[in-house]
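Student: I would like to work through this model with you, from its overall build down to single residues. Could we take the questions one at a time?

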Amino acid sequence: RPISNKGNTWGHADNWDTVASRKGKKVTTTPRAGAIAQWNAGERSAYYPSGGGTGTITAGKYGHVAYVWKVLSGGRVVIEQYNMSGNRAYSKMTVKAPRFLYL
């Protein structure tokens with residue numbers, strides 16, 4: 001669903017949790033499909049490659065946001081996103097995000 005950033009009210013991704021709280025939106029560590037997964041600048045979290053194992057991802061200097069496509073067991077979620085690797089490409093990955101915004 002569209003989120004307007006007219007007037008830059010949401011700012012960079014690392015501000016989205018603060019702005020969401022200010023706008024009266026729920027910010028939690030409990031995932032739900034349709035929520036926004038959010039990382040602050042430089043924040044790390046677990047990443048689960050499709051081949052197995054566990055790695056980590058680190059948000060860039062402006063943070064990162066992604067759409068929660070599916071909730072799995074153990075707090076893991078499948079996210080849809082753009083630009084995680086800095087190449088503006090679309091990708092899906094399984095992660096444990098630090099927080100979720102209900103917009």
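Student: In what order do the elements of the protein chain run from the N terminus on?

Tutor: This is a predicted model, and its secondary structure comes to one helix and eight strands. Read from the N terminus on, the elements of the protein chain run α-β-β-β-β-β-β-β-β.

Student: How does the radius of gyration of the protein chain compare with what the globule rule gives for 103 residues?

Tutor: The C-alpha trace spans about 40 × 30 × 25 Å along its principal axes, and 33% of the 103 residues count as buried. The globule rule gives 13 Å for 103 residues, and the protein chain comes close to that, so it is as compact as a globular protein of that length, with a radius of gyration of 13 Å.

Student: Which strands are the edge strands of the sheet?

Tutor: The eight strands form an open sheet with antiparallel pairing, in the order β1-β8-β2-β5-β6-β7-β3-β4. An edge strand pairs on one side only, and that describes β1 and β4.

Student: What does the twist average from one strand to the next?

Tutor: The sheet in question is the open one of eight strands, with antiparallel pairing. From one strand to the next, its twist averages 45°.

Student: Which residue in β8 stands opposite A37?

Tutor: Strand β8 is joined by three bridges to β1 (residues 26-28), which runs antiparallel to it, and there K26 stands opposite Y102. Strand β8 also pairs in the antiparallel sense with β2 (residues 36-39), again over three bridges. Within this second pairing Q38 has R99 as its bridge partner, while the residue opposite A37 is F100.

Student: Is R99 buried or exposed?

Tutor: R99 is found in strand β8, which covers residues 99-102, and both faces of that strand are covered, with R99 and L101 on one side and F100 and Y102 on the other. Its relative accessibility is 14%, and since the cut-off for burial is under 20%, R99 counts as buried.

Student: Which residue has a side chain joined to that of R99 by a polar contact of 2.9 Å?

Tutor: Leaving out residues up to four places away in sequence, R99 touches a set of residues that includes D17, V27, T28, Q38, W39, N40 and E43. The polar contact of 2.9 Å runs between side chains, and the partner of R99 in it is E43.

Student: Where is T54 placed, and is T54 buried or exposed?

Tutor: Strands β3 and β4 pair in the antiparallel sense over four bridges, and Y47 stands opposite G55 in β4. T54 lies in the loop between β3 (44-48) and β4 (55-58), where, not counting residues up to four places away in sequence, T54 touches A46, Y47, Y48 and P49. Its relative accessibility is 57%, and since the cut-off for exposure is over 50%, T54 counts as exposed.

Student: How far apart in space are T54 and T94, C-alpha to C-alpha?

Tutor: In the protein chain, among contacts between residues at least 6 apart in sequence, 52% join residues at least 24 apart. T54 and T94 are 40 residues apart in sequence, and their C-alpha to C-alpha distance in space is 9.9 Å.

Conventions: Residues are numbered from 1 along each chain as its sequence is written. This is a predicted model: local features need pLDDT of at least 70, side-chain atom pairs count only at pLDDT 80 or more; totals for chains, interfaces and linings use all residues. Side-chain values use heavy atoms; hydrogens and water are left out. Helices (H or I, at least four residues) and strands (E, at least two) are DSSP runs, numbered from the N terminus. Buried means under 20% relative accessible area, exposed over 50%, partly exposed in between (1.4 Å probe, protein chains only). Contact means heavy atoms within 4.5 Å. A polar contact is a pair of N or O atoms within 3.5 Å; within protein, one must be able to donate a hydrogen and the other to accept it, and residues adjacent in sequence count only if both atoms are side-chain atoms. Two strands pair if DSSP finds at least two bridges between them. Axes are lines fitted to C-alpha atoms, for helices over the stretch in contact, and angles run from 0 to 180 degrees between N-to-C directions. The radius of gyration is taken over C-alpha atoms; the globule rule is 2.2 Å times the number of residues to the power 0.38.
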